[in-house]
Amino acid sequence: MSRPRARSLLPGAAGAYTRDHMNGSAGDLRVPTNPGDLQLLVAAAAASVLLIALLFIILRRRQSERSYVDRLRDREERLKLALWATGERYWAYDVVAGKLHRLAAESRETPTGDLAEDVADVGDVVHPDDLPMVRQRVEDYLSGHTDTFLAELRVADARGEWVWMRARGRAVARDAQGHIQRIAGTALNITGTRAAERELRISSEVLRSMNEAVAVIDRNFDFVSVNPAFLRMTGYDEEDVIGRNSSLLDSLQHDTAFYQHIREQIRRKGRWNGEIWQRRKDGEEFLCQIESSTVYDKNGQLILYVAVLNDITQQKRAEQELRYLANFDTLTNLPNRSLLSERLSRAIVRAHREDNRIAVLFLDLDRFKDVNDSLGHAAGDRILRAAAARLQQTVGMHHTVARLGGDEFTVVLENLEAPEEADRVAREIIMAFEAPLLLDDRREIAISPSIGISLYPDHAHVPTELLKQADTAMYQAKAAGRRTFMRYDDAMDVVVRQRATISGALRKVLDRGELRLVFQPQLALAEGRITGVEALLRWHSDEHGEIPPADFIPMAEESGLILEIGEWVLREACLTLQRWRQHGLTDLTVSVNVSVLQLLRGDFPEVVSRVLADIALPPSALELELTESVLMANAEHTAAKLQAFRELGVSLAIDDFGTGYSSLAYLKRLPITTIKIDKAFIGDLTHDPEDAAITSTVITMAHSLGLNVVAEGVETEAQVRFLRGQQCDEVQGFWLSQPLDAHACLAFIRNWRPAREPATIQPVAAP
Ligand code: C2E
Ligand code: MG
Ligand code: MG
């Protein structure tokens with residue numbers, strides 16, 4: 001009966017209670033007898049059960065609360081420990097309030113102490129420059145673009161200084177709709193790391209962009225790291241070298257021991273500088289300037305070697321080229337003056353030690369200047385190159401052949417037994433130059449050298465003196481008629497000194513009025529009439545006396561003074577003839593000698609026409625004499641110039657014909673009117689059948705070309721007879737007259753009475 005009610009209140013408990021009560025404690029309790037009591041009893045029991053249960057629950061909750069706080073404290077300890085150990089800070093960002101909570105272990109030294117918390121507006125603690133980025137990152141996280149919040153930003157620390165922090169965090173609270181309310185996470189001070197990273201980034205960037213190749217090598221000399229410049233320089237790819245031994249670059253220029261020695265040096269001393277040959281991937285060897293040093297760790301333990309490599313092959317080559325330029329003549333590739341003196345000095349030292357002789361041969365190409373001026377400098381250069389080759393070929397590679405400049409060459413002969421050996425070599429050189437030099441496929445040119453010789457120890461003991469004396473001797477060889485050699489002797493010095501003073505005096509010659517002209521008449525054999533005179537220059541120097549034209553004209557040519565002097569001669573000759581014409585000698589012509597320089601430089605045809613116009617002399621009264629060498633130098637060029645004179649109406653004569661290289665056939669192309677056979681042929685005409693034959697041939701051929709022939713240097717009656725027999729047109733020489741001054745010459749011509757027979761023509765004695 002009671003069970004249903006009890007079941008409706010607290011079925012399990014009541015039933016249990018009832019069962020326990022009825023089974024186990026029936027004898028201890030008084031069983032209520034009336035129903036009211038029973039109801040009360042049940043209520044009381046239920047209340048006490050409830051109370052007990054309540055107590056139990058409270059107790060349990062207290063207990064669990066206590067353990068929760070304990071756990072919380074424990075966690076806080078752990079958090080503190082973690083934050084202390086990692087140096088991280090805890091933070092939380094209240095998305096709604098925009099507040100930032102920061103938590104950090106108060107003590108940095110020990111893991112004990114409290115966690116300090118501060119709360120601030122984000123805008124107050126984050127660096128203004130980083131704020132937009134931070135907001136964007138938060139936004140990205142909130143909107144689900146990123147899984148975590150991650151940012152590197154500057155934050156004000158407790159002292160108000162900016163420190164770089166790396167912060168990461170995630171959502172820790174959301175509202176009912178799932179919107180993030182709070183983000184929390186940790187932040188690490190990375191100020192130091194960032195600086196280090198930056199440094200590392202900069203240095204690796206520097207390494208990357210460096211022009212110098214850099215290689216990092218470990219203690220076994222295996223490559224650890226290399227920069228792009230290194231790869232460019234060696235031609236290897238990074239994977240070809242990393243982990244490989246640096247001997248990969250060893251070249252064959254040095255032996256293995258050499259490279260080992262260097263590595264040993266690096267190992268022992270920690271650094272090494274120097275130049276070594278290395279080899280690229282393609283096998284090409286290059287000269288490398290290496291600077292290696294050692295990188296140690298904090299404890300002073302060696303870690304790595306760093307080598308900076310520079311390819312200096314080009315630089316070395318350039319240096320070599322410069323050295324070459326400083327020592328060699330680029331045109332002929334022969335040693336130049338400076339290398340010559342160096343070699344000569346060394347040769348002198350050797351000769352002194354071994355007690356033997358040296359010869360210095362100073363060589364100059366004859367009339368090179370004329371050739372160079374007329375053929376042009378390109379051809380001149382070719383001649384010099386060909387001459388250099390011929391010279392070296394003749395003396396052999398074991399003797400030094402040098403070019404001093406221009407057309408001057410020097411040969412140094414060592415270990416001479418006797419001075420005559422030098423003469424022999426000089427003679428051989430002259431012979432070797434007999435064969436013409438080839439300019440190109442078509443052109444060749446004959447050019448002869450003049451050689452001067454000086455000897456060590458006979459003449460001098462130092463290079464400069466030896467060269468000077470050989471030069472002096474060379475000048476003497478030139479004066480002796482060129483195409484020959486001369487050995488130096490002390491008397492030459494006197495000549496040279498004189499030459500120097502004369503050439504100084506020559507500069508003042510026009511101002512001082514020391515020049516004058518003499519005139520040598522020319523006789524036309526057929527008519528027995530004086531047809532013309534040759535104007536010849538004379539210089540009487542106050543200091544040096546009478547100086548023959550053969551001496552001073554070459555000097556005037558060298559200095560260029562001949563242009564001025566030549567014009568003076570031309571004007572003076574024309575003036576004289578004009579005066580004579582006023583005395584009735586209107587059929588007479590005057591011949592003026594022209595130097596090569598006058599012909600080639602400047603506007604000589606204009607000069608001539610101006611002078612003629614000034615003096616009002618008909619051009620037909622003037623003849624210009626040009627030597628063969630002038631004409632042969634460059635036919636085309638000279639022909640054009642000569643044509644200009646012919647157009648003016650001036651006659652042209654070839655002087656000293658027979659001494660040069662020209663042939664009559666060649667002369668046919670030139671607009672000349674007269675040939676003057678050189679006195680060298682006339683002098684021996686009556687004794688030397690060969691000269692006689694040449695002279696008669698020249699006369700015949702010249703006539704066939706329609707040219708007038710003058711024989712020069714006619715001294716004897718016999719010569720006149722011979723020439724007349726050969727139908728030579730005119731004669732000039734001491735037989736007829738010495739060169740005379742203007743006054744005497746005028747008298748000579750006016751007094752000239754042609755005789756019927758040549759034998760009766762009596763030359764007039766010179767004044
Ligand atoms: P050249 O033009 O062949 O002149 C002839 C030379 O022979 C002259 O020498 C003359 O005095 C000389 N002579 C004349 N008849 C005889 C003779 O029967 N026997 C010998 N042995 N010699 C004779 P000079 O006057 O000493 O002139 C030498 C050279 O100097 C000239 O040779 C000419 O090339 C040059 N020269 C002279 N005057 C001038 C000038 O005004 N300008 C230039 N550029 N050269 C000149
Ligand atoms: Mg002449
Ligand atoms: Mg002559």
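Ala, Val, Leu, Ile, Met, Phe, Trp, Tyr, Cys and Pro count here as nonpolar, Asp, Glu, Lys and Arg as charged, and the others, Gly among them, as polar. The model is predicted, with local features needing pLDDT of at least 70 and side-chain atom pairs pLDDT 80 or more, while totals for chains, interfaces and linings use all residues. Residues are numbered from 1 along each chain as its sequence is written, chains are lettered from A and ligands numbered from 1 in the order written, and side-chain values use heavy atoms, without hydrogens or water.

Select ligand 1 and the residues with a heavy atom within 4 Å of it. This shell holds 21 residues, the closest being Gln 520, Glu 534, Asp 655, Glu 715 and Phe 734. By class, eight are nonpolar, five polar and eight charged.

Next, show the polar contacts (pairs of N or O atoms within 3.5 Å). Oxygen atoms of ligand 1 lie 2.9 Å from a side-chain N or O atom of Arg 538, 3.0 Å from a polar side-chain atom of Asp 656 and 3.1 Å from a side-chain N or O atom of Glu 712. Taken alone, ligand 1 exposes 790 Å², of which the protein buries 82% (Shrake-Rupley areas, 1.4 Å probe).

Now colour by DSSP runs, numbered from the N terminus: helices (H or I, at least four residues) and strands (E, at least two). Strand 20 (529-541), helix 18 (549-559) and strand 24 (651-657) each give two or more residues to the shell; strand 20 gives the largest share, four residues.

Finally, go to Thr 576 in helix 19 (residues 562-582). Thr 576 counts as buried because its relative accessibility is 2%, where buried means under 20% relative accessible area (1.4 Å probe, protein chains only). Beyond its neighbours within four places in sequence, Thr 576 is in contact with Phe 519 and Ala 742 (heavy atoms within 4.5 Å).

Notes. A polar contact is a pair of N or O atoms within 3.5 Å; within protein, one must be able to donate a hydrogen and the other to accept it, and residues adjacent in sequence count only if both atoms are side-chain atoms. Buried means under 20% relative accessible area, exposed over 50%, partly exposed in between (1.4 Å probe, protein chains only).
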